[in-house]
Amino acid sequence: MSEILGRFYAALWGASEGYRSIWYGKKGSAPTQHKWFSDNKQAIEFINALDKSKYNIYHACGLFKKKLRQQNHFEKTKAVWLDLDLAHSSFTSLKEVLLQLKNLAGTPFADNYWVIFTGHGFHVYWIFDEY
């Protein structure tokens with residue numbers, strides 16, 4: 001997981017200045033704990049140390065000026081993402097979600113995207129070269 005996560009965060013955040021936001025919570029509960037990191041390596045080490053069987057883990061796609069996850073402290077992002085979730089949608093199975101991703105073929109969104117299984121569906125990320 002570390003290698004893939006490292007590649008994903010390198011694409012998402014790069015080596016840019018700014019704080020990376022990771023928040024987590026016990027499975028079955030809303031995320032309640034928040035951590036901030038000034039580089040990707042620290043964030044990945046923290047994520048790898050968490051017991052994935054006990055915690056759900058989330059990240060912000062952008063970088064922040066201060067260690068506050070508020071709009072006025074948001075610095076930048078170079079991603080657009082889509083949340084294809086079973087819990088709050090008309091999708092009835094993970095297979096159906098994956099079939100919908102195939103509909104991207106032949107569109108401007110067909111190339112250079114990341115698909116992350118979230119436990120309840122998928123996040124699809126398009127990450128650009130520049131902010």
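Which residues is Phe46 in contact with, leaving aside its neighbours within four places in sequence? This predicted model has an answer in the first close-up.

**View 1. Phe46 and its contacts.** Once its neighbours within four places in sequence are set aside, Phe46 is in contact with Ile22, Tyr24, Lys35 and Phe37. Phe46 also belongs to the largest nonpolar core, a set of 19 residues. It's one of the residues with the most contacts inside that core, a list that also has Phe8, Tyr9, Leu12, Trp13, Ile22 and Ile127. As for who supplies the core, α1, β1, α2 and β8 each put in at least two residues. Apart from this core sits another one, of eight residues, including Phe91, Val97, Leu104 and Phe122.

**View 2. Helix α2, buried side and exposed side.** Asn40, Ala43, Ile44, Phe46 and Ile47 are the buried residues of α2. Look down the axis of α2 and those residues fall within an arc of 160°, so they line one face of the helix. Turn to the face pointing away from that buried side and you find the exposed residues Lys41 and Ala49. The buried residues of α2 are covered by elements that include α1, β1, β2 (33–37) and β3.

**View 3. Helix α1 and what it packs against.** Here the buried residues are Leu5, Phe8, Tyr9 and Leu12. Viewed down the axis of α1, they fall within an arc of 95°, so they line one face of the helix. The packing partners of α1's buried residues are β1 (20–26), α2 (40–49), β3, β6, β7 and β8. After α1 comes Gly14, with a positive phi near 60°.

**View 4. The largest pocket.** About 990 Å³ of space lies in this pocket. Its lining takes in 29 residues, and the ones nearest the centre are Ile57, Tyr58, Ile116, Phe117 and Thr118. Elements giving two or more residues to the lining are α1 (2–12), β3 (55–59), β6 (79–85), β7 (113–117) and β8 (121–127). The biggest giver is β3, with five residues.

**View 5. Val97 in helix α3.** Val97 lies in α3, which runs over residues 94–102. With a relative accessible area of 0%, Val97 is buried. Neighbours within four places in sequence aside, Val97 is in contact with Leu84, Leu86, Phe91 and Phe122. For a sense of scale, Val97 and Trp81 are 16 residues apart in sequence and 15 Å apart in space, C-alpha to C-alpha.

**View 6. His73 in its loop.** His73 sits in the loop between β4 (63–64) and β5 (74–76). Is His73 buried or exposed? His73 is buried, and its relative accessible area is 11%. Not counting residues up to four places away in sequence, His73 touches Phe64, Lys65, Lys66 and Leu68.

Key
Residues are numbered from 1 along each chain as its sequence is written. This is a predicted model: local features need pLDDT of at least 70, side-chain atom pairs count only at pLDDT 80 or more; totals for chains, interfaces and linings use all residues. Side-chain values use heavy atoms; hydrogens and water are left out. On a 1 Å grid over the protein atoms alone, a cavity is a set of points where a 1.4 Å probe fits but cannot get out, and a pocket is an open set with protein on both sides within 12 Å along at least five of seven lines; lining residues have an atom within 4 Å of a point. Grid points are joined across faces, edges and corners, and a volume is the space filled by probe spheres set on the points. Helices (H or I, at least four residues) and strands (E, at least two) are DSSP runs, numbered from the N terminus. Buried means under 20% relative accessible area, exposed over 50%, partly exposed in between (1.4 Å probe, protein chains only). The arc is that of the directions from the helix axis to the C-beta atoms. Contact means heavy atoms within 4.5 Å. A nonpolar core is a set of buried Ala, Val, Leu, Ile, Met, Phe, Trp, Tyr and Cys residues joined through side-chain atoms within 4.5 Å.
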